[in-house]
Amino acid sequence: MAATLHEMLLAPEIQPQVVADCEALVNAEVSDMSGISGTAVKLAYKTVRTFDAGHIHHVIQTLLPRMADELQPYCEDEVCEALLAITDERARNSTRPTIVKAYNTVRRSAAKHVKAALPSVGALVQRYA
């Protein structure tokens, strides 16, 4: 069975690095803020870090499982639809009626199969990216 985003991000050997990367991302985003609202965020962030230096890390660790679960449908649905849009266009433009008919026969169930294959597709892309 294909791994979910939750399973991939929260694997024991992966989760500490994901949390550290998320914390670095938050630090960088806050650091890059400017203007009045940016100053307010920076002040609030500094207050939290001064009060409890490990709070941001702990919050990320605590929220990560739910965030992974909430992001899963977007990852699946948007990527799936984007990939199927490519094959749909190819079928519309094809001059091979037999192949188009075969494609159209399985198209209704294609999303289910594409979603199941997405973790493998992601792993393949990461090998070369």
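Residues are numbered from 1 along each chain as its sequence is written, and side-chain values use heavy atoms, with hydrogens and water left out. Because the model is predicted, local features need pLDDT of at least 70 and side-chain atom pairs count only at pLDDT 80 or more, whereas totals for chains, interfaces and linings use all residues.

Two packed helices are described by the angle between their axes and the distance between the axes. Helices here are DSSP runs (H or I, at least four residues), numbered from the N terminus. Axes are lines fitted to C-alpha atoms over the stretch in contact, and angles run from 0 to 180 degrees between N-to-C directions.

Helix α2 (residues 15-32) packs with helix α3 (residues 35-51) at about 140°, the axes being 9 Å apart. The two are therefore oblique to each other, a class that holds what is left once angles under 35 degrees (roughly parallel), over 145 (roughly antiparallel) and 65 to 115 (roughly perpendicular) are set aside. Contact, meaning heavy atoms within 4.5 Å, is made by E23, V26, N27, V30 and S31 of α2 and by V41, K42, Y45 and R49 of α3. By class, this contact has four nonpolar, two polar and three charged residues; Ala, Val, Leu, Ile, Met, Phe, Trp, Tyr, Cys and Pro count as nonpolar, Asp, Glu, Lys and Arg as charged, and the others, Gly among them, as polar.

For α4 and helix α5 (residues 97-128), the axes come within 9 Å and cross at roughly 155°. These helices are therefore roughly antiparallel to each other. On the α4 side the contact is made by C75, E76, D77, V79, C80, E81, L83, L84, T87, D88 and A91, and on the α5 side by V100, Y103, R107, A110, A111, V114, K115 and L118. Twelve nonpolar, one polar and six charged residues form the contact of α4 with α5.

Not counting residues up to four places away in sequence, A91 touches V100 and Y103. The C-alpha atoms of A91 and A102, eleven residues apart along the chain, are separated by 9.9 Å.

Leaving aside neighbours within four places in sequence, Q72 is in contact with T4, L5 and H6.
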